[in-house]
Amino acid sequence: TIADPRSGMVARVSKYGQLSTAPLSFSTPVAAVLTQDDTAYNFITPVAEHEVIITDILLSTNRTIGANGADIEVYCSSSIDGTAIVTGCSILSVELLKNEHRDLTGLNFIVNAGYWVNIKTNDTEVTATIAYYRVPID
């Protein structure tokens with residue numbers, strides 16, 4: 001028997017022998033249009049004693065993006081203003097051209113407790129969504 005020793009919840013097996021699993025929680029989406037270039041946008045704020053699990057990152061640009069495209073960085077910061085970038089915690093760095101999108105779904109990225117998750121771009125016409133849930137630190 002596979003069971004959580006604290007809650008007593010038991011994993012189930014289907015009649016076909018498949019182990020039934022599910023996410024620990026439902027994802028919460030946060031979306032914004034990034035209208036200021038070279039500005040850190042706080043997408044996820046830290047909560048005491050909780051880590052963040054990022055499940056989806058959706059990025060898109062429109063037709064007014066500059067000729068060189070938009071450089072987009074998703075990263076962790078230890079300060080609310082986004083300037084204290086955490087070494088080794090660059091989540092995604094990508095360049096998108098006009099009318100492009102990048103949809104990353106089914107992710108399972110963990111962000112340690114105490115960090116903000118920010119997005120920064122060098123263009124003013126980027127739309128971004130991050131979906132996540134929180135898990136308590138054991």
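How many bridges join strand 4 to strand 10? Strand 4 and strand 10 run antiparallel and are joined by 3 bridges, and the legends below place this pairing in its surroundings. The model is a predicted one, in which local features need pLDDT of at least 70 and side-chain atom pairs count only at pLDDT 80 or more, whereas totals for chains, interfaces and linings use all residues. Residues are numbered from 1 along each chain as its sequence is written, and side-chain values use heavy atoms, with hydrogens and water left out.

**View 1. The chain as a whole, built from strands.** The secondary structure comes to 0 helices and 11 strands, where helices (H or I, at least four residues) and strands (E, at least two) are DSSP runs numbered from the N terminus. The radius of gyration of the chain is 18 Å, well over the 14 Å that the globule rule gives for 138 residues, so the chain is more spread out than a compact globule; the radius is taken over C-alpha atoms, and the rule is 2.2 Å times the number of residues to the power 0.38. Along its principal axes, the C-alpha trace spans about 60 × 35 × 20 Å.

View 2. Strand 6 is joined to strand 10 by 6 bridges, the two running antiparallel, while strand 6 (residues 70-77) pairs with strand 7 in the antiparallel sense over 7 bridges.

View 3. N118 is itself buried, with a relative accessible area of 0%. N42 stands opposite N118, and a polar contact of 2.5 Å joins the side chains of these two residues; such a contact is a pair of N or O atoms within 3.5 Å, of which, within protein, one must be able to donate a hydrogen and the other to accept it, and residues adjacent in sequence count only if both atoms are side-chain atoms. Y75 has N118 as its bridge partner in strand 10 and S90 as its bridge partner in strand 7. Leaving aside neighbours within four places in sequence, N118 is in contact (heavy atoms within 4.5 Å) with residues including F43, E73, V74 and G82.

**View 4. The disulfide between C76 and C89.** A search of the whole structure finds 1 disulfide, defined as a pair of cysteine sulfur atoms within 2.5 Å, and here the sulfur atoms of C76 and C89 lie 2.0 Å apart. The pair links distant parts of the chain, with C76 in strand 6 and C89 in strand 7, 13 residues apart. Both C76 and C89 are buried.

Technical notes:
Two strands pair if DSSP finds at least two bridges between them. Buried means under 20% relative accessible area, exposed over 50%, partly exposed in between (1.4 Å probe, protein chains only).
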